[in-house]
Amino acid sequence: MKKVITLFAFIGGAMFAHSQNLSYTLTTKTGTYAELASPTVTTGDWKNPRTVTLGFDFRFFNKTYATAYVVPFLGLVNFTGASFYDEISVIGGALIKHSTLTSNFSYKIEGNSPNRIAKLQWKNGGFEADMTNQAFFNLQIWLYEGSNIIEIRHGSSQGVTQDIFGQAPPTYKVQNETPDSSLYLKGSFSAPVFDLNPQTVTGLDAYPSEGTIYVLTPKGYTPGPTSTPERSKNIAVSLYPNPATGNQLMIESGSEITEVTISDIQGKILQTIKNDNQSQVNIEHNLKAGIYLVNVNTREGISTQKLIIN
């Protein structure tokens, strides 16, 4: 019996360590909710994904993305555009345009480099399960450049009760590559905590009230004037040949390279290269003539290089 207890303790500890290794810290604060001024308003069915170019690199679970793919119907912000991982999910209900209120999904990039914020907004969203057509919600997700902080901000709402969710609780999560690395919010909506066991998700006790803000901060980030974003570190990286004429590139760094991404100047990721923690990586590509951005992720931070293909 002692061996069995030890085994279960090890398994539980391993799952906890795995999630914690990739996790955020969660805090709750209150603030005034303000509707976005002159945002980009999207059209069409909320089941259709929206592509949002962030205008900056956003780190999510130790990966770098420049684009968010939003499915308003699912309350979903996905960073891969193709898989059900690396995503933020809010509310948990089937969300629709409200039939009687001005209702839309919009976004806006505010601020100046290196402190921009991508703001995503559900305005007067309705619920597919609402037979009364009275329930609505307002919500924003903010993605911060540099700090990579995520904020989930709640505006005014009405009639958002348990029956809207089919007797299930409001569900919020951030998810990495596998279900066991997901971080769910549970407990009181005014002071939730992370639920690290996706097999027994309990969710929140009620839908958050107006002004409630959930702040998810990547571990290792220290706010304040003395903090230095990853990108501002002086990382020694060499990229050659540059300008290039062939289809071969070599990158060298004074620190171990973990990943390289190549993007066009609009921020669309064209190629991702995983590296086995070596200080050098050879890349074969089929890029057309033009200018590209190469993000080199190392153990010490991130370096962005401009690449010219002739």
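A search of the whole structure finds 1 cavity of 30 Å³ or more. On a 1 Å grid over the protein atoms alone, a cavity is a set of points where a 1.4 Å probe fits but cannot get out. This is a predicted model: local features need pLDDT of at least 70, side-chain atom pairs count only at pLDDT 80 or more, and totals for chains, interfaces and linings use all residues. Residues are numbered from 1 along each chain as its sequence is written, and side-chain values use heavy atoms, leaving out hydrogens and water.

User: Which residues line the largest cavity?
Analyst: Lining residues have an atom within 4 Å of a point. The lining is Gly31, Thr32, Tyr33, Arg153, His154, Gly211, Thr212 and Ile213.

User: Is Arg153 buried or exposed?
Analyst: Arg153 is found in strand S11 (residues 150-158); strands are DSSP runs (E, at least two residues), numbered from the N terminus. Buried means under 20% relative accessible area, exposed over 50%, partly exposed in between (1.4 Å probe, protein chains only). Because its relative accessible area is 12%, Arg153 is buried.

User: Why does Val77 count as buried?
Analyst: Val77 lies in strand S5 (residues 76-78). Leaving aside neighbours within four places in sequence, its contacts (heavy atoms within 4.5 Å) include Leu120, Trp122 and Ile141. Val77 counts as buried because its relative accessible area is 0%.

User: What separates the C-alpha atoms of Val77 and Pro49?
Analyst: Val77 and Pro49 are 28 residues apart along the chain. Their C-alpha atoms are separated by 9.4 Å.

How values were computed
Helix = DSSP H or I, 4+ residues; strand = E, 2+ residues; numbered from the N terminus. 1 Å grid on protein atoms, 1.4 Å probe; cavity = no way out; pocket = protein on both sides within 12 Å on 5 of 7 lines; lining within 4 Å. Points joined across faces, edges and corners; volume = space filled by probe spheres on them.
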